[in-house]
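Please work through the exercises below with the sequence and the structure open beside you. Each task is followed by a solution that goes step by step.

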2 protein chains.
Amino acid sequence: MRRASNISRSLIRACFAPQFPEEALRAGPGLLLAPDPGPLLSLAQGLCRENGQQQRRELTVSHLYNAAIPQGWDSLYRGQPVDPFSLVKEEIESVSERLRRSIFTGIPTLRSAAEYFFKLGAEGKRLRPTMLLLMASSLSTYVPSPDFLTVDDSPPNVHPSEERRRQQRIAEITEMIHVASLLHDDVIDNAEVRRGLRALNSVFGNKIAILAGDFLLARASVSLAALRNSDVIQLLSQVIEDLVTGEILQMTSTDQDLLSLDYYVRKTFHKTASLMANSSKAVAILGGQPKDVSELAWQYGRHLGLAFQFVDDVLDFTGSTLQLGKPALNDLRSGLATAPVLYAAEEHPQLRSLILRKFKSEGDVELAQQLVFDSRGIQRARDLAAEHAALAAQAVQSMPPAVTEHALLCRQALTDITSRVLARKK
Amino acid sequence: MRRASNISRSLIRACFAPQFPEEALRAGPGLLLAPDPGPLLSLAQGLCRENGQQQRRELTVSHLYNAAIPQGWDSLYRGQPVDPFSLVKEEIESVSERLRRSIFTGIPTLRSAAEYFFKLGAEGKRLRPTMLLLMASSLSTYVPSPDFLTVDDSPPNVHPSEERRRQQRIAEITEMIHVASLLHDDVIDNAEVRRGLRALNSVFGNKIAILAGDFLLARASVSLAALRNSDVIQLLSQVIEDLVTGEILQMTSTDQDLLSLDYYVRKTFHKTASLMANSSKAVAILGGQPKDVSELAWQYGRHLGLAFQFVDDVLDFTGSTLQLGKPALNDLRSGLATAPVLYAAEEHPQLRSLILRKFKSEGDVELAQQLVFDSRGIQRARDLAAEHAALAAQAVQSMPPAVTEHALLCRQALTDITSRVLARKK
């Protein structure tokens, strides 16, 4: 699984590193994985000689890939699992580092609060930035140069001149908006634990948590403005509004809403999927994709986000506090009826009154848990997640043919993410 | 005072109303106010005849004004007080109405919360939008057509094609950001009263107040993005960050900070003046002004904002709860040492320990009040406000010559605002 991506990475490095043009040749052995590497190897060697020292950067990976695809790379990579996280690991590290630098402020308390969830080890799974960089590469006509693996040190208010840097900013901005919403949600829910750490509000108090959230939104807006693309600015501003709408939908639901799976899915779109959908579309737009393709990027993010949340709902029943980094049965204890409960209520109508009183009477949480386990609720919620994961994968498959082998590999990784989201245990 | 602006308004209407070209003539009597109206009246009549029915809209007010200025309008208006609020009243009404419409959401609780401070009668003084529309006109080469007095009903995410509409959006966005910051500040300060109404957090609860603030920020971002001017987007995103920074500076000050007037002024810039400075500059940029002029617009907003806040500090001592729409001595009771106290502490060093313990011991508030009144604190705070008001007026005077008489009138109004800010009682 890792070999495929390692070859790809070493090949990219080799062909682009200005000081090592001959590494393009040494990368040759990697090509042995191809069904018949002989002609490819000769081709690579020939190209290296032709381009020589001066034009070494002209020897792009896509020369090799374009030659390789008709000769069997396509069948080699298509359908083979790839590790999406290791594929963009280095670039994600530099995006994370830039993020830490870009939320710098001279005010110590604000700095500590804003950094809290971005410190090494506290960043969470970084699913969103990983997905976004893979989406960028999936639709690209070139393989990102190793130059883009370094930390972008231009100030947040300066327009990045390279497309890849602009796409990295979307990954950064998305994380800022995501964490800002976590901070405000945790104040609202009086949360105590998040990502296995004490929730920020319980460390710094509600006031600082509110302000740190506002601060991250403000910094995100400044970065966003620098991208100078009003469609993109609007997509991500819409996310902030959707996050608020989702939280309010959750807080203000009527009895009928509380029992409705449709309402629940709608709320989940706003709270979780909108960020993934709109940021994914933003990356496609910045990559110069036409409307139909950026729409597919949106669909991918939307379905992945929904699948992610439905799995989260299941894990709240099946996971342990230690695994989850937050208390198990947290949803029930917070009064929330998620997909497994709503399905279970179809089999056990007595669950309805528990849902309506938000599991507040003594024994409600335990009874609800038991009724969910005594029903097909968990299985049906898993099925719903699987359905959306499949739709996400389908969106990737519906994209126009990949131009480079690297793009193909990244699409495979995006598909792989959909399986990983289903299989995750935390 | 009102006559000058009434003439101006009727003249604008007359010259632009397509159905009443002859009203341009009837407006003639208004010209009688000019030192020697004879030549002007003939000129106006001549222009009307020349342009005829078909070209009646060609007869712009600036034709008249440009002819009028050298003939004495300049001396008529310059230095004469104008009522800034009545000068843009109609346009402000339509901006307010648009604002109410643009924060519409299908979610009832969110709608009620977001609308709370924008309802008729609850909008406050609307100093910011008034200042911004006057700034726009001050720098304009044309007089805004009455078309722009109607409510702009294009959606927030659509780019307004006319410059004046884009400038109106800044007024709208500024009010949204301002109210969003009030909502979050009131949660943070546990405020109970605002603008003579119960604070939103005390009506809807902290959670809804946080979310309504986020919602307004998100809507403001969407509107801002539609302006498609990254400098402008950045100026107003910076405001959000400054508002947060100001609040944090206030919350996290050291003993040395608490006693420092410089620190206090810095905090005040962030909390109050940045919004006025940056929005004023944004209006100038959207009006196509060069850097030096937009910088003067920034200076005007900055000094006006500082003057406004220092007067506010004084009113907290000298005003009554009824006048202010919030409790008198609110700052002391909240633990805040504002300009009058910091000045008074220079005369009465015993105030320092009260400042450091944030007036929390019994009798502190009363003792501090007495020491302030027994000092030159209030007068010196007033002087500081007057100094900044003068600098604001000076920024307007430093602008390149006004192109139309209307622009001149609006500059006079901007200067008048600086006096009104000093004289205000609430």
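**Exercise 1: a salt bridge within chain B**

In this predicted model, the side chains of B:Glu91 and B:Arg164 meet in a salt bridge, with 2.8 Å from N to O. Work out which helices the pair links, and whether the two residues are buried or exposed.

Solution. Begin with the positions: B:Glu91 belongs to helix α7 (residues 89–102) of chain B and B:Arg164 to helix α10 (residues 163–189) of chain B, so that the pair links distant parts of the chain, 73 residues apart. Next, take the accessibility, for which buried means under 20% relative accessible area. B:Glu91 has 4% relative accessibility and therefore counts as buried, and B:Arg164, with a relative accessible area of 2%, is buried as well.

**Exercise 2: two further pairs of helix α7**

Find out which parts of chain B are tied together by the salt bridge of B:Arg126 with B:Glu93, and which by that of B:Glu172 with B:Arg98.

Solution. In the pair of B:Arg126 and B:Glu93, the closest N and O atoms are 3.4 Å apart. Because B:Arg126 lies in the loop between α8 (108–115) and α9 (127–138) of chain B, and B:Glu93 in helix α7 of chain B, this pair ties together parts that are 33 residues apart in sequence. B:Arg126 is buried, with a relative accessible area of 16%, whereas B:Glu93 is partly exposed, at 31%.

Turning to the other pair, the side chains of B:Glu172 and B:Arg98 meet at 2.7 Å, N to O. B:Glu172 lies in helix α10 of chain B and B:Arg98 in helix α7 of chain B, so the parts they tie together are 74 residues apart in sequence. Both B:Glu172 and B:Arg98 are buried.

**Exercise 3: the two copies and their contact**

Solution. The same surface serves both copies, since 100% of the contact residues of chain A recur in chain B.

Between them the chains bury about 3,400 Å², of which 73% is on carbon and sulfur atoms. In chain A, the residues that lose the most area to chain B are A:Leu211, A:Gln234 and A:Glu241, together 17% of what that side buries.

Finally, two salt bridges are found across the interface, and B:Arg219 and A:Glu241 meet through their side chains in a salt bridge of 2.5 Å, N to O.

Terms used. Residues are numbered from 1 along each chain as its sequence is written. Chains are lettered from A and ligands numbered from 1 in the order in which they are written. This is a predicted model: local features need pLDDT of at least 70, side-chain atom pairs count only at pLDDT 80 or more; totals for chains, interfaces and linings use all residues. Side-chain values use heavy atoms; hydrogens and water are left out. Contact means heavy atoms within 4.5 Å. Buried area is the accessible area (1.4 Å probe) that two parts lose on being put together, summed over both. A salt bridge is a side-chain nitrogen of Lys or Arg within 4 Å of a carboxyl oxygen of Asp or Glu. Helices (H or I, at least four residues) and strands (E, at least two) are DSSP runs, numbered from the N terminus. Buried means under 20% relative accessible area, exposed over 50%, partly exposed in between (1.4 Å probe, protein chains only).
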